[in-house]
Amino acid sequence: AMPTEPCPTAADYDAMLHGRLDDDRAAAVEAHVGTCRACQALLDGLLVDPRLTDALRSGPSELPDAPD
């Protein structure tokens with residue numbers, strides 16, 4: 001079955017990965033990913049971004065800004 005809701009945005013996934021979505025929204029996003037191959041691929045791409053994986057490993061800190 002095709003998902004009935006529009007796909008979450010990359011910003012939604014970024015917020016979810018950093019723990020900034022509320023539980024209801026995070027659950028909805030996770031449920032959507034379970035049904036949508038395109039979003040699974042998008043999320044895989046986000047998860048292999050080294051800045052994101054570093055941020056996940058180091059806890060709930062912001063992504064580092066580019067050096068000046």
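What percentage of the 68 residues in the chain do buried residues make up? I looked this up first. Buried residues make up 26% of them. I take buried as under 20% relative accessible area, exposed as over 50%, and partly exposed as in between, with a 1.4 Å probe and protein chains only.

**Ground rules**

I am working on a predicted model, where local features need pLDDT of at least 70, side-chain atom pairs count only at pLDDT 80 or more, and totals for chains, interfaces and linings use all residues. I number residues from 1 along each chain as its sequence is written, and side-chain values use heavy atoms, with hydrogens and water left out.

**Overall layout**

I find four helices and zero strands in the chain. Helices here are DSSP runs of H or I with at least four residues, strands are E runs of at least two, and both are numbered from the N terminus. Read along the sequence, I get the pattern α-α-α-α.

I checked the surface next. The chain exposes about 4900 Å². Carbon and sulfur atoms supply 57% of that area. The areas come from the Shrake-Rupley method with a 1.4 Å probe; for residues, only the protein chains shown count as cover.

Then I looked at contacts, meaning heavy atoms within 4.5 Å. Among contacts in the chain with a separation of 6 or more, 52% join residues 24 or more positions apart.

**The core**

I looked up the largest nonpolar core. It holds 12 residues in all, among them Tyr13, Met16, Leu21, Val29, Cys36 and Leu46. Such a core is a set of buried Ala, Val, Leu, Ile, Met, Phe, Trp, Tyr and Cys residues joined through side-chain atoms within 4.5 Å. Helix 1 (10–17), helix 2 (23–33) and helix 3 (37–47) each supply at least two of the core residues. Helix 1 gives the largest share, four residues. I note the general background: in soluble globular proteins, nonpolar side chains tend to be buried together.

I picked methionine 16 from this core. Leaving aside neighbours within four places in sequence, methionine 16 is in contact with Leu21, Ala26, Val29, Glu30 and Leu43.

**Helix 1**

Which residues of helix 1 are buried? I list Asp12, Tyr13, Ala15, Met16 and Leu17. After helix 1 comes glycine 19, and its phi is positive, near 75°.

I stopped at aspartate 12, which sits in helix 1. Aspartate 12 counts as buried because its relative accessibility is 18%. Beyond its neighbours within four places in sequence, aspartate 12 is in contact with Leu21 and Arg25.

**Salt bridges**

How many salt bridges does the structure hold? I count two. The criterion is a side-chain nitrogen of Lys or Arg within 4 Å of a carboxyl oxygen of Asp or Glu.

One of them joins the side chains of aspartate 12 and arginine 25 at 3.1 Å, N to O. Aspartate 12 lies in helix 1 and arginine 25 in helix 2, so this pair ties together parts that are 13 residues apart in sequence. The C-alpha atoms of arginine 25 and aspartate 12 are separated by 8.9 Å. Arginine 25 is partly exposed, with a relative accessible area of 29%.

I also find arginine 20 and aspartate 14 meeting through their side chains in a salt bridge, 3.3 Å from N to O. Arginine 20 is partly exposed at 43% relative accessibility. Aspartate 14 is partly exposed too, at 22%.

**Helix 2**

I began at the N-terminal end of helix 2. Aspartate 22 caps that end, with a side-chain oxygen 3.1 Å from the backbone nitrogen of aspartate 24.

Ala26, Val29, His32 and Val33 are the buried residues of helix 2. Seen down the axis, they fall within an arc of 125°, so they line one face of the helix. I take the arc from the directions between the helix axis and the C-beta atoms. Helix 1 and helix 3 are included in what covers these buried residues. The face turned away from the buried side of helix 2 carries the exposed residues Asp23 and Asp24.

**Helix 3**

Where do the buried residues of helix 3 sit around its axis? I first listed them: Cys39, Leu43 and Leu46. They cover an arc of only 55°, which puts them on the same side of helix 3. On the face turned away from that buried side, I find the exposed residues Arg37 and Ala38.

Key
A polar contact is a pair of N or O atoms within 3.5 Å; within protein, one must be able to donate a hydrogen and the other to accept it, and residues adjacent in sequence count only if both atoms are side-chain atoms.
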